[in-house]
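Please look over the sequence and the structure shown here before reading the report that follows.

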Amino acid sequence: MGYHQMHYKTEYRPSKSMSFFIGAVLILLIMNILYSIDLNPLLVFALGLFTSFFTLDYFYEKTVPGKLRASISNKDIRLFKDQEGMLEIEVRNEGWMPILNAAFRLTAGDDIQFEKDISLKTRYQTETISFFTVMPKSSTILKVPFRARKRGVSKIIRTDIEVPRIFGFGSLFLVQSNRSSDELLVYPEQLHTPPFDMRNKMIQGLFIQKKALFNDPMLTVGTRDYHQRDSMRDVHWKSSAKTGELQTRIYEKTTHLSWMVAINLRSEKNYAPPANIEEIIENIAYLTSRAAEAQIPYSVFTNLSSFDSHTFLSRDEGSGGLHYRSTLETLARINTLSFTLSFDRLLKHIYLHKAMPSHLLFTGRTDPAIDEMLLSFQARGVEIFQIDESGVLPYDAYKRSGSRVPS
Amino acid sequence: MNIENHLENFKSEIGKVIVGQDEVLDLIFISILQKGHILFESVPGTGKTTLSKALAKTIGGSFRRIQFTPDLLPTDITGLNMYNPKTHDFELQVGPIDTNVLLADEINRATPRTQSALLEVMEERQITIDGKRIEIADPFIVLATQNPIESAQGTFSLPEAQMDRFLMRIDLGYPSRKEELNMMSLRNDSNVSEAVQTVFSEEMITELQDRITNITVDPSIMEYMLDIIHQTRQHKYVGTGVSPRGTLALMHAVQGVAMIRGRDYVTPDDIKYIAPYVLSHRLVLNLEGLTLSNQDTVLKAIIDDVEVPVEYGVSPDAL
C-alpha cells in the first residue's frame, strides 16, 4: 500500500473570456492610435491595469502547479464489502499564493463508490469532486466518504485540480504528472458455513520438522533415565550432572494440523471463473478466519498466474491474525478476469514443491487430471475436502477415480 | 549544565555516526532519562544497530551486545550454574545480561522462550538462576532492534509481556532526501566506538532523573491520560488494552517531554506527542482490528476521540 505524493503540472486550456478581453483591449488600442495622436489616459490606465493583471496571472500560473502537493493521509485503507470509509487527502500549498475555492477531482476503481459519485460515462470507475481553499505555506485535509461496493482492489486512477485564477479569468487545470500507486482494499464478506471435522493428525513422515517426527525439540517438558538407543543430542547434561546418571530430555508432543486451500478459478466448460466464485471466496474468508482464531496454520493457492517470484498467486503458510490479514488481501486481489492456469498444474506444483498439509481444501470443478493429482495427495495421508457455497464436504479421490485404496 | 546543553551534546555525539533523526534523538534522550528500555523497529538498513551502538557509547558504563539467533537459549542471556569437574561443584556463570547497556540485536530472531529470559531483568533489574537472585548494575537499559514482523521470515513476534516492558517503540523510518544526501556526502565510515564519546555519567543521569520528578502533572492532565488509557481498553479493535505499567510509562515519558521542551509542567500537547511512541506497541488488537487496522491508527483514533482538558472559558475547538 503506497504512501504516495501526487505532483501536478498545468494543462493548457485556452480561456475564452481572456481571449475576448485581450482582443477588446487590442482593438481599443488600435482605434485610439488611428483616431488620435495622443493616447487616451483612460485607455492607458486600462492597459496598465490589464498588463499588471496579466503579469500577476502569469506569475500565478507559473507558481501554483509546482508548489501544490497532494497525498492520501490515511494510508492502508482496508474494508469489508458494504462498509463505509473515509478517504483523507492532504493538499499542501508550498507556494506564496493562496488557492481559493479549487476543485479536486478524484477518480478510482469501481470496487468502491464515492458518496457523491459523478461518473456517468466511464465504466469501472467512480469519480467525485471536493472543493477546497488553502492558504500559502499551509495544508488542508479533504475528506471523501465512500462505500465498499465489491471485493477487489480499487486503485486511485488519477486526480486533477481546477484552480480559479485569482488575477485573471477562467481556471488553471492541473493534471497529475506522476502515476498514482495508492489503492484501497475491499475484503470479501464472510459467508458463514457449517463447521467440518478437522481432527488433529500425527502422521509419520509428513511433519515439516525433519529431525523429529513427533517431538518439538524446542519444548522440553521433563527428563527421564537414559535408554540405550537415545540420541546423545537429547541428553540433558545439567540434569545428568545433578543426578549422577545420564538423563534424556522429554519433549512436548507435536500434532500435525495444517490446511492448504487451493482455489480453482476455472469453470467446467471454459476458462471463465465459476458462477459462484464470489460465494466460494466468501466461504474461504470465513473458514480462514476460524483457522486464524484457532491458530491453525494454513496456506492459500490459486491457479491465477502471478508475475512475481511465485508461479501462482498464493499466500505461504502462516497462522494468527496478521496472516489472516494477508490472506484477506490475497483474496481481495483475486481478479477473476485475469489469466488462469490449469488446476491440475497448480496441484502438481504444490505436490512437488510444498510441504504436505494435513488437510487440503479445494474449490471448483474436478476432472480426471485433477482427480489423479488429488489421489496423489490422498495417498500421502492428506484429508481432502471440497468447498462450495454451501460449505465444506469430504472428497474421496479414490472413489471418484475408481482406483483401489492402498492397503 | 542545563537540559538544552545535555541534549545538544547528546545529539552532536550521535550525529557523528547518524545523520538527521532529530525527533528520534529527542525520544531516546527522554528514554535514557527515565531508564526506559527502547525497541527500535524499522526496515533493514536504516541504522538501528549503528544508532544503538552509538547510544550505548554515549552512556557511561559497561556495554554488551547479544546477537539474537533462533538457537539462542535463555541461559545464553542470563547465565547458568556450570559444573566444574575439578571442584566437583557448580559455579555460577552470569551471562552478558550483567551490564549497564545491553544491545539485543534482532531480538525477534530468537524464540519467545529465549526472549522471555529478559522479562525479569527488564522489570526488576535482577535475574534469578536456580533460585539465586542476582542484582544487575544500575542503570540498566535494554536497546533492542527488530525488523517488522510481517516482512521477515524466520522471526518470532515478541510476547505481549515483553513488549509492555519497553518504554518506547521507535520507528526510525527513512531519512529525508536532504538527510540522505548529507549522509552520502559525509561518507562516514568511522568506527562507532571510536567516533562517539561518552556524554552521560551515572551521576548525571541520576541528577537529571531527580529533576524530571519535579515536573508538575496537573490532576486534570492525569485524568486526560487515564481517559486515553481507558479508551484503549474499550475500543472495538482492541483485545487487550494498555496495562497499568503502560500508564506509568506514559506519565514518565510526558514528564520527559515537558523537560526537554523547557517547561516544568505537562500540557495535553505533550501527551498527544508522546503517546504513539509509548502506547501503540502495548495494544493487542483483536482479529477484526488486525484485519482492518493497525496499532498506530487505532491509537490515533482514540487520541482524537478523547476530549482534551482546557482551562475554564477556553473552547476545546480552539485547540
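In which sense do strand β19 and β20(A) pair, and over how many bridges? Strand β19 of chain A, residues 383-388, pairs with β20(A) in the antiparallel sense over four bridges, where two strands count as paired if DSSP finds at least two bridges between them. One of the bridge partners is P394(A) in β20(A), which faces F385(A).

This is a predicted model, in which local features need pLDDT of at least 70 and side-chain atom pairs count only at pLDDT 80 or more, while totals for chains, interfaces and linings use all residues. Residues are numbered from 1 along each chain as its sequence is written, and chains are lettered from A and ligands numbered from 1 in the order in which they are written.

Both strands belong to an open sheet of six strands with mixed pairing, ordered β17-β16-β15-β18-β19-β20 in chain A; helices (H or I, at least four residues) and strands (E, at least two) are DSSP runs numbered from the N terminus. Because β17 (312-318) and β20 (391-394) of chain A each have a single partner strand, they stand at the edges with one side lacking a neighbour in the sheet.

Helix α5 (residues 321-332) of chain A lies across β16 (298-305) and β17 of chain A, and runs at about 170 degrees to β17(A); axes are lines fitted to C-alpha atoms, for helices over the stretch in contact (C-beta atoms, placed from the backbone, within 7 Å), and angles run from 0 to 180 degrees between N-to-C directions.

Chain A is divided into three parts as tabulated, with bounds from an automatic or database domain assignment.

| Domain of chain A | Residues |
|---|---|
| domain 1 | 1-187 |
| domain 2 | 218-253 |
| domain 3 | 259-401 |

Definitions and conventions. Two residues are in contact if their C-beta atoms, placed from the backbone, lie within 7 Å.
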